[in-house]
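This report walks through a model of two protein chains, from local contacts to overall dimensions. Please keep the sequence and the 3D view open while reading.

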Amino acid sequence: MILLLALHAVLGLGVIAGGERLQRRALLVAGLAPLAALVWLVAHAAGVIEGTPVTESFTWVPELGLDVDLRLDGFALLLAVLVSGIGVLVFWYSHWYFPATQEGLGRLVGLLTLFSGSMFGLVVADNLLVLYGCWELTSITSYLLIGNKYADGRARAAALQALLITGAGGLAMLGGFVVIGQQAGTYQLSAILADPPSGTAVTAALVLVLLGAATKSAQYPFHSWLPGAMVAPTPISAYLHSATMVKAGVYLVARFTPAFADVPFWRPAVVTVGLVTMVCGGLRALRQSDLKLLLAFGTVSQLGFLFVLFGMGTEETVIAGCTMLLAHALFKAGLFMGVGVIDHQVGTREVARLPVLDRGWRAFTWLMVFIAAAMAGLPLTFGFVAKEEAYQSLLDEAPFGEVTVIAVVVFASMLTFAYSARFLWGAFWYPRSRGAPTAASDDAPSAGFLAAPAVIGAVLLVLDVLPGLADSLLTAASQALDASAAAVHLAMWHGFNLALLLSAVTVAGGLVLFVGRRSVARVLVLGAALPTGGDAYRASLRGLNRVADRVTGVVQNGSLPVYAGVILLTAAALPGIALAADWPDVDAPPLVDQPGEVLIAALILGSALGAAVIRRRFAAALLLGMAGYGMAGLFVVMGAPDLALTQTAIETLTTVLFVLVLRRLPDRFERRAGGPVRVLRVAVAATVGLVVFAFALAASGERIGPPVSDEMTDLAYPEGHGRNVVNVILVDFRGFDTMGEITVLAAAAIGAVALARAGRRPGAPANPAPADAGDAEPARPAEVEA
Amino acid sequence: MRRVVALDTSVSLIFYAMMTGSIYLLFAGHNQPGGGFVGGLVAGAAIALRYVAGGIDEVRRISPFMPWTILGTGVVLSTSVALVPLLLGDAVLDNGLVEGDVPLLGHVKATSGAVFDLGVYLVVIGVVLMVVEAFGERFDAAEDGGERLL
């Protein structure tokens, strides 16, 4: 498995790097990765279905308990097959979808491959932190793929929205994972689920995890990013935003529910969120006139359904959930591909603008009708089998106790039927009835283009005829989640029972909703006035920007004296308060050690005072330098040649650098602030000086333990191989500090150059000769950006 | 700004002496006062003198490398000294030591600390060059402007 993940990474990065030259062949090259995964999965499927998971592991960061544990059990197998299988189809489909000379195709294909690998890693990860890593990788690749047309502002906004929402949820989830991992004493997922921790902390952690799952799977009220993500090319929508990535949250809920079903809030919360999502998504789908958006809201609704089923967490609902998951991935991917075909061939997917799809479209039409029938849950389709299974499991579990759940699910299924019908009506019948022109016959899709949705249709057909074929896979998947789950026996016909009645009610209700679509639409228009999740997202983003604006305005007011004053006062206040509260008993050190010190001290004091009062900038800089040389002199007198040397060199250099910068400033300081401001400044300066003095005095008299420098002196030669202790400390004992410092220094230097150049015209000389000065106006913002 | 002949001549004399001194400080630093940081500062001061004498063109003539190349080389050098032991299975920044007799030089000890120090030296020089690059001016260009350096 590790090799497969590496293959995805290598192919993905390779195609990003060199994909432009491969053009569309990049798709076939990169498609090898999911194909290899699929072959590997098929080869190992038998063993996994028998009940022996495949595991692989290597130690990565033992200190953090971060082992890369991979584990392929039944449920992971189900999802991995979907990820790789639909992945292969999507790559094939993309080969026809994208024009031969699509710009940036290599990047897109590489990202798709990376996504496929991340998603594969997510479902086989057996370590919470590895799972989190893959989770975020899917978010990031999704962000980049949604924003594929990065020149389009809408695409960028949608990508950012998806990233912010799923990323925020992911961060919350990481917090939850860490708490759970710490409480359980291990980050291994299978171990945690086998022996789940409990307690208040774990309950809080589960809220966070649920937040992550709900954002990723586009549950209300976090769903708004998913319809937005539809600006991405259709293969991406089909793969990421219907079949696989949005199932990640469902996957997590499915994994966690059996272990944490006893935590009081979990079940009601998951089921409620799922029910709300189901109904709202379905209602919104009925309002859409863009076929792709219709499907997107349908996906939201179906994800809610999966949340309900897995959130109930009984043996039977888990089975129903697995069946529904399989069915949904198949029919939704197929329908999305179909919309892509229409969009690609006739250039629109708006119902009101579609032409009549007539000659050459017959096979396509029947294919879409067939797949949409599965989505609607019509009898004799696999969707029907899944829905029956779901109804039966809900009825068995709570015959009459949870009538609400069943009622809502049935209502939402009616909506599903209605929007499935609306999809077909919009795509094929409405253009005819409004008398739209017939599509040109050479617009009809080629056989290769239709191959991928046709394969999905064929799989659905096989499952229609022989639903039992999926039994063993679904049994393994359900039992991996809940060991007590019974063996699955899917069948089309279970006899006359309550579930069948509910199915009949669903179909009837759906038909009513569809036939009475005009009246329904009038009611739905009322819903348009309600605030949506998207509005909430935009409002919170605006609010955040406003708050940041205000805070920055207060904190960064641009006044250098204020900055310096705040920093200095803080530096003085902290030790100052501590010293004032508890002044240590210090013996004053002798005032003068050597006569030379008096002279040097006088020099330092004199030049410092001079620097403070003098009016000319150059003179002030020189006086500062003089104070610095005085300090070097003090070091010499006290026997620290290293320090003295460094101090001298620094003073020399800073003086020259001062001169460099000062040439750009006026010769004299601006008029001094008068009156109270001046008093304040003097007070701040005096306070800082006094506190530093007192602190130095107290610190020198307050030594408790032996100084750490003794040890360093002893170890300098044997350990550091040097006799100069200062240098050995710098490059060895405290080498890490030095490394950080030079990095900061380098960053500061780069920043200085960038700042100094920001005001210049690109390509202009550092300092334009006076002859050019006429047209070298101050840089305008646009130029700074350039 | 005009170039002053006396300054020009004396700086070109002092410059090489200071650079030699800085390199001495760099290598002596392990056992005697000195080290990469001080060495770099001395070299920086020498560069600053060159600037005072001849402006940014004079500074650019010192090395064929761009300032950021020198800066980056320094960071990479020091960081790799820190990271190489990690690849060998030791702790970060673990000190390596090579000892041996080299003809003409006698007994020589080389520690990885010296390479690290060389990185620090290059970073300091790079920073000085970068600052000169950022704020420095061409002398001939500013000549008519009537500005004076000092």
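Contact here means heavy atoms within 4.5 Å. With neighbours within four places in sequence set aside, Phe256(A) is in contact with Leu128(A), Phe177(A), Ile180(A), Leu189(A), Leu193(A), Leu206(A), Val209(A) and Trp266(A).

The model is predicted: local features need pLDDT of at least 70, side-chain atom pairs count only at pLDDT 80 or more, and totals for chains, interfaces and linings use all residues. Residues are numbered from 1 along each chain as its sequence is written, chains are lettered from A in the order in which they are written, and side-chain values use heavy atoms, with hydrogens and water left out.

## Nonpolar cores

Two terms come first. Buried means under 20% relative accessible area, exposed means over 50%, and partly exposed lies in between (1.4 Å probe, protein chains only). A nonpolar core is a set of buried Ala, Val, Leu, Ile, Met, Phe, Trp, Tyr and Cys residues joined through side-chain atoms within 4.5 Å.

The largest nonpolar core holds 190 residues. Phe256(A) is one of the four that touch the most other members; the others are Leu72(A), Phe75(A) and Phe310(A). Helix α15 of chain A, residues 315-346, gives the most to this core, with 19 residues. A second, separate core has 43 residues. Its members include Met739(A) and Ala746(A) from chain A, and Leu25(B) and Val124(B) from chain B. In soluble globular proteins, nonpolar side chains tend to be buried together.

## Chain A overall

Chain A has 32 helices and two strands. Helices (H or I, at least four residues) and strands (E, at least two) are DSSP runs, numbered from the N terminus. The radius of gyration of chain A is 35 Å, while a compact globule of 786 residues would have one near 28 Å. That radius is taken over C-alpha atoms, and the globule rule is 2.2 Å times the number of residues to the power 0.38. Along its principal axes, the C-alpha trace of chain A spans about 110 × 70 × 50 Å.

Chain A carries 48 positive and 53 negative side chains. The centres of the two sets lie 17 Å apart. Lys and Arg count as positive and Asp and Glu as negative; His and the chain ends are not counted. Each charge is placed at NZ of Lys, CZ of Arg, CG of Asp or CD of Glu.

## The two chains in numbers

Chain B has five helices and two strands. From the N terminus on, its elements run α-α-α-β-β-α-α. Accessible areas come from the Shrake-Rupley method with a 1.4 Å probe; for residues, only the protein chains shown count as cover.

| Property | Chain A | Chain B |
|---|---|---|
| Residues counted as buried | 49% of 786 residues | 46% of 150 residues |
| Accessible surface | about 35900 Å² | about 7400 Å² |
| Surface from carbon and sulfur atoms | 67% | 68% |

## Selected helix residues

Gln345(A) sits in helix α15. Gln345(A) counts as buried because its relative accessibility is 16%. Beyond four places in sequence, Gln345(A) touches Trp361(A), Asp443(A), Ala444(A), Pro445(A) and Phe449(A).

Gly281(A) lies in helix α13, residues 266-287. Its relative accessibility is 0%, so Gly281(A) is buried. With neighbours within four places left aside, Gly281(A) contacts Tyr220(A), Phe297(A), Val300(A) and Ser301(A).

Phe635(A) belongs to helix α26, residues 617-638. Not counting residues up to four places away, Phe635(A) touches Ala640(A), Leu643(A), Ala644(A) and Gln647(A). Phe635(A) and Gln302(A) are 333 residues apart along the chain, and their C-alpha atoms are separated by 76 Å.

## Backbone details

Where does the cis peptide bond from Tyr220(A) lead? It runs to Pro221(A), with omega near 0 degrees. Pro221(A) is in the loop between α9 (200-216) and α10 (225-228) of chain A.

Ala218(A) is found in the loop between α9 and α10. Ala218(A) is not a glycine, yet it has a positive phi of about 55 degrees. Is Ala218(A) buried or exposed? Ala218(A) counts as buried, because its relative accessibility is 0%.

Leu380(A) has a positive phi of about 75 degrees, though it is not a glycine either. Leu380(A) lies in the loop between α16 (362-376) and α17 (382-397). Leu380(A) is exposed, because its relative accessible area is 63%.
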